[in-house]
2 protein chains.
Amino acid sequence: MPWAYALCVYALSCSMWRENVFPMNVGIKDVARVAAVSPATVSRVLAGRTVDPVMRDRVLEAVRETGYRPNLAARRLRSRHTKTIGLIVADIRNPFFTAVSRTVEAIAYDHGLRVIFCNTDEDAAKEAMYMQLMQEERVTGVILAPTREGADRIAHLESDFPIVLIDRAAPNASCDSVVLDNEAMAARLVVHLHRLGHRRIAGLFGTDTVTGRERCDGYERAMAECGIPGEVVPVPHEREQAQRVIAALLGDVARRPSALVVSNSVMLQSVLRVADTLGLEIPRDLALTSFDNEPWMEFVAGGLSVIEQPVEEIGRTAVTMLLDRLDHADCVTRRVVLAGRFIARGSGGRGAEA
Amino acid sequence: MPWAYALCVYALSCSMWRENVFPMNVGIKDVARVAAVSPATVSRVLAGRTVDPVMRDRVLEAVRETGYRPNLAARRLRSRHTKTIGLIVADIRNPFFTAVSRTVEAIAYDHGLRVIFCNTDEDAAKEAMYMQLMQEERVTGVILAPTREGADRIAHLESDFPIVLIDRAAPNASCDSVVLDNEAMAARLVVHLHRLGHRRIAGLFGTDTVTGRERCDGYERAMAECGIPGEVVPVPHEREQAQRVIAALLGDVARRPSALVVSNSVMLQSVLRVADTLGLEIPRDLALTSFDNEPWMEFVAGGLSVIEQPVEEIGRTAVTMLLDRLDHADCVTRRVVLAGRFIARGSGGRGAEA
DNA sequence: AAAACATCAGAGAACGTTTTCCCTATTTTT
DNA sequence: AAAAATAGGGAAAACGTTCTCTGATGTTTT
């Protein structure tokens, strides 16, 4: 009784008898028989190759009549191209990734490619498992937002298919990649806060990603250039732990900075939660800036000042690069660095930027 | 030059020569040769069937040595079970669906099932295309959040695989389904607002989904029971259009209600946007209640009062039902109705609920 | 000790396509 | 008008597995 937790379970329409209108499995041979042609001809018609029009029509009619649907497994086995790409993201709850995924999917389908979508939850083991799956699926290529371990592993790995890294890629990565200019964008946030008069600016960055690393570098560089000491706070991915770390930072009045640079929107939500429980008002008690832009950010904390990533462009570029790589396998690896857009709203506090 | 828009493109590591350490395509036969056994035996070892231990070890060693990876296309073709389920959602940007997807994926993988993830963007044509794809993939089953047209179509359709409807299902649907008790939950929101003293409560519901329909019914019933006239506002899915409709409602001071019941979180964001541009403060000028709970909702409009859906339970139940249906194909169809949880925060305005 | 039975490895068919090869019919060239 | 070239359809192989069937090797029963 697996539905014990259900509010109620209705049972309906008793006899769903399977009267099979069509023979259970219609194959290309059945179509061929009905159309009185050879299987090869049916295949040719379906592939859109030149076939005598009268035969073609006979085949098409037979397809309609029999309700034939090609078997993709068989097709892929024989033709040896799967027309499938893998998309492996690190956190499906992060709207940045869902936005990129949506674009990737749409563009891939425009190119007649199916996409296998996977979510690793920042878990290197799951990631490895999925990469193996990609191999077993004999995918055409993979678009991957790797964990840090994953990024390392890929550097040493010679895979059977091209890989395009998104969002996270070491500068010396051995495959194509499309990333944000994380350093510059993190620096932009620091400069923004500095101009607003903040001098105690802490940086919260993920411990497990090269993206976090890069943003941290940009933060540190900018802080140095501003001539103020920085405090880098490594924040784990898991929500509970993240909130503990943040609470430790903000709960101690002596330690508490006046402003924060936060590495992404899920981390930002942990910050908001902690600030709320501590009774901190934003931006009065704590100024906030972050990466990623989402609709609700307009309405929180007087409008959050953030770096917006060009999500469509990231997705589009990734697919384009992958496709291009298929044609030019031995070409040099490329690294595309995209600029983000800084959106100034109210969460920086302390008067307006010049 | 498809990267004209790039901030910069680095070209790296020139000669990625493909020195194939292993023969390009290692098959089960190659493994068999190396292990000096028959292909059948290799297959048996890989399937975990009883094989002489010494042979088994030889095979395992040969697998390691050759770097063999099974070809899933071939396996699926021959064995005639794909161990794959389809998951078709209507809007990947809606966090409700991403949350459900995450659960479905995790549970499916626990059961050794792969999932093909698809996003229809509320487009019936895309949905139909994906359903056809599922057929061509010969999936084991499908979990589907249908558009309204899709729900209608499925009622007449006799598909080759079981389908479990989630989130949206007509009460008379011809397949298994797991849904929220939309009527009761919508009524709950109305009652909440009524108790707070609101008398002019409008309901905003999607035009294209049976979920919207059901929530609307609950809203109307509850309004009638409270003895106050309701105003139902159909809101299209597309963002621009949605905002126009909402602006028309809230912009006209005479027409403007004092409180709103909103059907989901993406619609809610449109409401927030419009309220913001109109300079309406929440809950002072407009009380707000909605479906779906997300972390940021704590921090907007004094805390949004919402109906939280049991997302994990929905995903888990859907997979369980699908699996169960495979064992009991001719069983009656089941409809699981889950209760949501009402979370009262501040956005209802006008004093506290009794 | 012989007969019946169980166990398990190998040979080869099968899964549903695409593709190669060959052959015929037609068109083009000389 | 004959020869060469081209086009397009059919037969059969091939893709990499799993599965059925058969036979051999032990193991138990009488």
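The model is predicted: local features need pLDDT of at least 70, side-chain atom pairs count only at pLDDT 80 or more, and totals for chains, interfaces and linings use all residues. Residues are numbered from 1 along each chain as its sequence is written, chains are lettered from A and ligands numbered from 1 in the order in which they are written, and side-chain values use heavy atoms, without hydrogens and water.

**Sheet in chain B**
- Six strands of chain B make an open, mixed sheet, ordered 8-7-9-10-11-13. Strands (E, at least two residues) and helices (H or I, at least four) are DSSP runs numbered from the N terminus. Two strands pair if DSSP finds at least two bridges between them.
- Strand 8 (231-235) and strand 13 (341-343) of chain B are the edges; each has a single partner strand, so one side of each lacks a neighbour in the sheet.
- From one strand to the next, the twist averages 15°. Axes are lines fitted to C-alpha atoms, for helices over the stretch in contact, with angles from 0 to 180 degrees between N-to-C directions.
- Strand 11 (residues 305-308) of chain B runs antiparallel to strand 13 of chain B, and three bridges join them. B:Glu308 sits opposite B:Arg341 of strand 13.
- Helix 10 (residues 239-251) of chain B lies across strands 7, 8 and 9 of chain B, at about 155° to strand 8.

**A:Thr82**
- A:Thr82 is in the loop between helix 4 (72-79) and strand 2 (84-89) of chain A.
- A:Thr82 counts as buried because its relative accessibility is 9%. The cut-offs are under 20% for buried and over 50% for exposed, with partly exposed in between (1.4 Å probe, protein chains only).
- Beyond neighbours within four places in sequence, contacts of A:Thr82 (heavy atoms within 4.5 Å) include A:Arg76 and A:Glu137.
- The side chains of A:Thr82 and A:Thr140 are 3.5 Å apart in a polar contact. That term means N or O atoms within 3.5 Å; within protein, one must be able to donate a hydrogen and the other to accept it, and residues adjacent in sequence count only if both atoms are side-chain atoms.

**DNA strand D**
- DNA strand D is surrounded by 26 residues, with A:Thr41 and B:Ser43 among the closest. A residue is near if one of its heavy atoms lies within 4 Å.
- Phosphate oxygens of DNA strand D lie 3.2 Å from a polar side-chain atom of A:Ser38 and 2.6 Å from a polar backbone atom of B:Ile28.
- Helix 4 of chain B gives the largest share of this surface, four residues.
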